[in-house]
Amino acid sequence: MSVWAVLVAAGRGERLGEDRPKAFVRLGELPLLAEPLRRLDESDWIDAVVVVAPPDWEEPAILLAEEIGASKVTACVTGGETRSESVRAGVAEVPEDAAVILVHDAARPLLPDEVIGRVIEALGEGFDGAVPALPVPDTVKRVDGDLVLETLDRAELVTVQTPQAFVASVLRACVESTQGTTDCASLLEKSGRRVGIVQGDERLLKVTTRADLERIAAWL
């Protein structure tokens with residue numbers, strides 16, 4: 001079974017206050033992109049990697065892959081204005097004979113190999129896609145402006161992370177027919193496909209602010 005990873009690294013990261021895209025902000029001695037790229041390259045679950053870079057940052061991404069010895073990188077493509085467009089660009093580079101496509105956000109650099117395994121293995125249970133998730137620890141309320149409308153049942157809620165794994169043919173069809181979603185699993189949900197959840201990992205923190213970056217650096 002051929003498994004290809006699409007590493008989405010095209011985000012701007014404006015809230016970090018840097019003069020470069022989020023994936024190229026320093027995490028330790030190297031750009032943030034190096035950490036998830038290295039982990040995908042070292043994973044026995046992954047056969048090949050496509051990197052989706054910000055416009056004008058394709059060459060630095062390729063040079064970084066060469067610097068860290070990421071030999072599974074087969075292509076680096078330009079991302080779009082939205083995440084959906086960036087995913088579509090990456091998926092287009094995956095060959096038709098791939099069985100599984102794994103999509104991961106570079107903004108979650110600490111990628112545990114066991115999570116990669118869990119989402120891929122879930123596809124063997126009949127799901128079209130699988131996502132890692134964590135339970136919601138706080139009470140969640142639905143509001144209208146400053147008015148509380150209702151308290152939601154926390155037992156029915158989870159927060160979702162990446163990497164997300166998909167049957168390749170299903171993801172291809174969904175990225176072509178559906179747009180405007182915040183994650184790939186939403187594309188499948190809109191198309192009536194079956195998406196399963198597996199245990200996520202607190203280390204898969206998404207870098208949004210400087211504090212997030214500092215916290216992840218402390219975990220390395």
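Residues are numbered from 1 along each chain as its sequence is written. In this predicted model, local features need pLDDT of at least 70 and side-chain atom pairs count only at pLDDT 80 or more, while totals for chains, interfaces and linings use all residues, and side-chain values use heavy atoms, with hydrogens and water left out.

Helices (H or I, at least four residues) and strands (E, at least two) are DSSP runs, numbered from the N terminus. The axes of helix H3 (residues 83-91) and helix H5 (residues 168-177) come within 10 Å and cross at roughly 135°, where axes are lines fitted to C-alpha atoms, for helices over the stretch in contact, and angles run from 0 to 180 degrees between N-to-C directions. H3 is therefore oblique to H5, given that angles under 35 degrees count as roughly parallel, over 145 as roughly antiparallel, 65 to 115 as roughly perpendicular and the rest as oblique. In this contact (heavy atoms within 4.5 Å), Val87, Arg88 and Val91 of H3 meet Leu171, Arg172, Val175 and Glu176 of H5. These residues divide into four nonpolar, no polar and three charged, with Ala, Val, Leu, Ile, Met, Phe, Trp, Tyr, Cys and Pro counted as nonpolar, Asp, Glu, Lys and Arg as charged, and the others, Gly among them, as polar.

| Feature | Value | Loop |
|---|---|---|
| Thr162 to Pro163, cis peptide bond | omega near 20° | Pro163: between strand E10 (158-160) and strand E11 (164-167) |
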